[in-house]
Amino acid sequence: MDEVVLATRNKGKLREFKNILPFINILDLDDIGYEEEIIENGRTFEENAKIKAQTLAKRTNMPVLADDSGLEVDALNGAPGIYSARYAKNGHDDEANNQLLIKNLKGKTNRTARYVCAICLYYPDDRFYVVRGTCEGEILKEAKGQEGFGYDPYFYSTELKKCFGEIPLEEKNKVSHRFRAIQKIKEFLK
């Protein structure tokens, strides 16, 4: 396979996939002119990734990679979870999502969290594969750095001993939840 559709318009996510999978031509929804909204009504990251991938594979007759990812915070019973991108209910507003997260963690001493990424690779012939990757860390009280997107300025990687907002994409991609999931899905892309 030399070309796959990535079910996203998120340029940060597209950059990460292209950085980790340089051997394949990755098209996003804008590249293929896909305008319809895909309703993600699953209860897990895995279900949402499969819904997106299956819908697009059927409509485009191309192999599709779809991920559903987000942040799980232990003190918030796993929230924002599958609602990470819409946590503050303002669409995909990173600043509003981060402010609500920090507000909801006020006074909490346990700030452990993890990024989760489920990826589904779906072929038009109904073959599909679903994998999961995680990255452990904790939520900082104040943002650090200008790198990354989403919750990255508040996510401190316990493995790297650095905030994702402070490191370049190449360094983040060595330990990120998306990197780990993509490593697992690579074998099915060949």
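Visitor: By class, what kinds of residues make up the lining of the largest pocket?

Guide: In this predicted model, the lining of the largest pocket divides by class into 13 charged, 11 nonpolar and 10 polar residues. The lining comprises 34 residues in total, and those that lie nearest the centre of the pocket are T8, N10, K13, A85 and H92.

Visitor: How much space lies in the largest pocket, and which element gives the most to its lining?

Guide: The space in the largest pocket comes to about 870 Å³. At least two lining residues come from each of α2 (45-60), β3 (64-73), α3 (94-105) and α5 (177-185), and β3 gives the most, with 5 residues.

Visitor: Which residues is D30 in contact with, once its neighbours within four places in sequence are left aside?

Guide: With those neighbours left aside, D30 is in contact with R9 and K11, and the side chains of D30 and K11 are joined by a polar contact of 3.3 Å. As for A7, which is 23 residues apart from D30 along the chain, the C-alpha atoms of the two residues are separated by 9.7 Å.

Terms used. Residues numbered from 1 in each chain as written. Predicted model: local features only at pLDDT ≥ 70, side-chain atom pairs only at ≥ 80, totals over all residues. Heavy atoms only, no water. 1 Å grid on protein atoms, 1.4 Å probe; cavity = no way out; pocket = protein on both sides within 12 Å on 5 of 7 lines; lining within 4 Å. Points joined across faces, edges and corners; volume = space filled by probe spheres on them. Helix = DSSP H or I, 4+ residues; strand = E, 2+ residues; numbered from the N terminus. Nonpolar A, V, L, I, M, F, W, Y, C, P; charged D, E, K, R; others polar. Contact = heavy atoms within 4.5 Å. Polar contact = N/O pair within 3.5 Å; in protein donor to acceptor, adjacent residues only side chain to side chain.
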